[in-house]
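Hi everyone, thanks for coming.

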Amino acid sequence: MEPEQNKTFRKIIHIDMDAFYASVEQRDKPEYRGKPIVVGGLPEGRGGVVATASYEARKFGIRSAMPSKKALQLCPHAIFVRPRFAAYKEVSIHIRQIFSRYTDLIEPLSLDEAYLDVTNDKLNIGSAMEIARQIKQAIKDELKLTASAGVSINKFVAKIASDINKPDGLKFIGPSGIETFMEVLPVEKFFGVGKVTADKMKRMGLHTGADLKNLSEKELTTHFGKAGGFYYKIVRGIDDREVQPHRETKSMGAEDTFAYDLTTLDEMNAELDKIAQLVTDRLLKYAMKGRTITLKVKYHNFKQITRNQSFAAPVGDLQTISATAKQLLTTSFTDQQRVRLLGISISNFGEVIVKEKEKFDTGQLKLF
Ligand code: DCP
Ligand code: MG
């Protein structure tokens, strides 16, 4: 980034709770403290997945979105706990209330994470690091939980920074350090780069920010679509996205632009399976389900179509999402088409309600 004379930088904090669901469980049940706790679907049920795991359980390799059966194999003495969404929601409301002592520019990303713009903080503290320290302390004092914070001049860098010293971390990345920081950053840490894109980048020999920086904006957009333009800027430390306090999540999805055009239904269906998995992971993370599934297809000539299907009740499971997307694709498929991009999104969320009293009779994690 070119440092401009007299340029005033924004002060952005990204806060993310540590091992959120698991920490709340350990806080409320002393017998869980210091133990490997897995929150999510139970391993004896079918299709149960891990929502999150305590740090003690992570040592065994247990991770979010992993099948609970696999988690049990990795750590046979792990304690499996069903989620109590009402408790997490209550903490979420409380941390937002703590944030609001310092600024009204709060953009929640999920129950446990938010961006704050503290460029002009309400208490005239001035130092974003000091504000982050105070917020972390208030979360400890009032909620008996820990959070990690990242402080920088834009959302992207603040978010990455919050992950650096987890748990109970605090990390500042200032304007002069951003570009060096971005150069060594692995591609999978870049915003919007999921597993599919990261794998594609690696196949292209792109492993770090420095590798991405060697590509022109045009090359990046050719390979990665609109996101390519974003990567071009971000790798130079430029992220002008505002902290949006009233942003409502209208849709959530994932898409992939392919290096080669796809021509057979089989290859397209295989890609849709991967994309559906990403969408499901995100829905789970944000505790959301939606009534409408939309398929997006872009052809080699840039013509684009979308097809959607709505359901009477909200859906969010992998099976329904991937089957619906494939069905929508089949009905619009003709032999002559060369497909460059496929995407799936979920919308029509209604109010996000997090219910605790859900029955977990199949062992499967249900979020509404
Ligand atoms: N979550 C989920 N399914 C996922 C990912 C997350 O249900 N695939 C839920 C459980 C997490 C919460 O969202 O506790 C917050 O997600 P994070 O990614 O912030 O993960 P944690 O807070 O658990 O851990 P970390 O300390 O790494 O932030
Ligand atoms: Mg977290």
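Let's start with a quick one: is Asp28 buried, partly exposed or exposed? Asp28 is partly exposed, because its relative accessible area is 33%. For those words, buried means under 20% relative accessible area, exposed means over 50%, and partly exposed is in between, with a 1.4 Å probe and protein chains only.

Before going on, a word on what you're looking at: this is a predicted model, where local features need pLDDT of at least 70 and side-chain atom pairs count only at pLDDT 80 or more, while totals for chains, interfaces and linings use all residues. Residues are numbered from 1 along each chain as its sequence is written, chains are lettered from A and ligands numbered from 1 in the order in which they are written, and side-chain values use heavy atoms, with hydrogens and water left out.

Okay, back to Asp28. Its salt-bridge partner is Arg27, with the closest N and O atoms 2.8 Å apart. By salt bridge I mean a side-chain nitrogen of Lys or Arg within 4 Å of a carboxyl oxygen of Asp or Glu. Arg27 is partly exposed too, at 23% relative accessibility. These two belong to a network of salt bridges that also links Glu25 and Arg84. And how many salt bridges does the structure hold? There are 24.

Next, find Asp163 and Lys189, whose side chains meet in a salt bridge at 3.5 Å, N to O. Asp163 sits in the loop between helix 6 (155-162) and strand 8 (170-172), and Lys189 in the loop between helix 7 (178-184) and helix 8 (195-203), so this pair ties together parts 26 residues apart in sequence. Helices (H or I, at least four residues) and strands (E, at least two) are DSSP runs, numbered from the N terminus.

Now a pair inside a helix. Glu271 and Lys274 form a salt bridge, and both lie in helix 12 (residues 265-285), three residues apart, about one turn of the helix. Glu271 is buried at 14% relative accessible area, while Lys274 is partly exposed at 44%.

Asp16 and Met17 are both buried.
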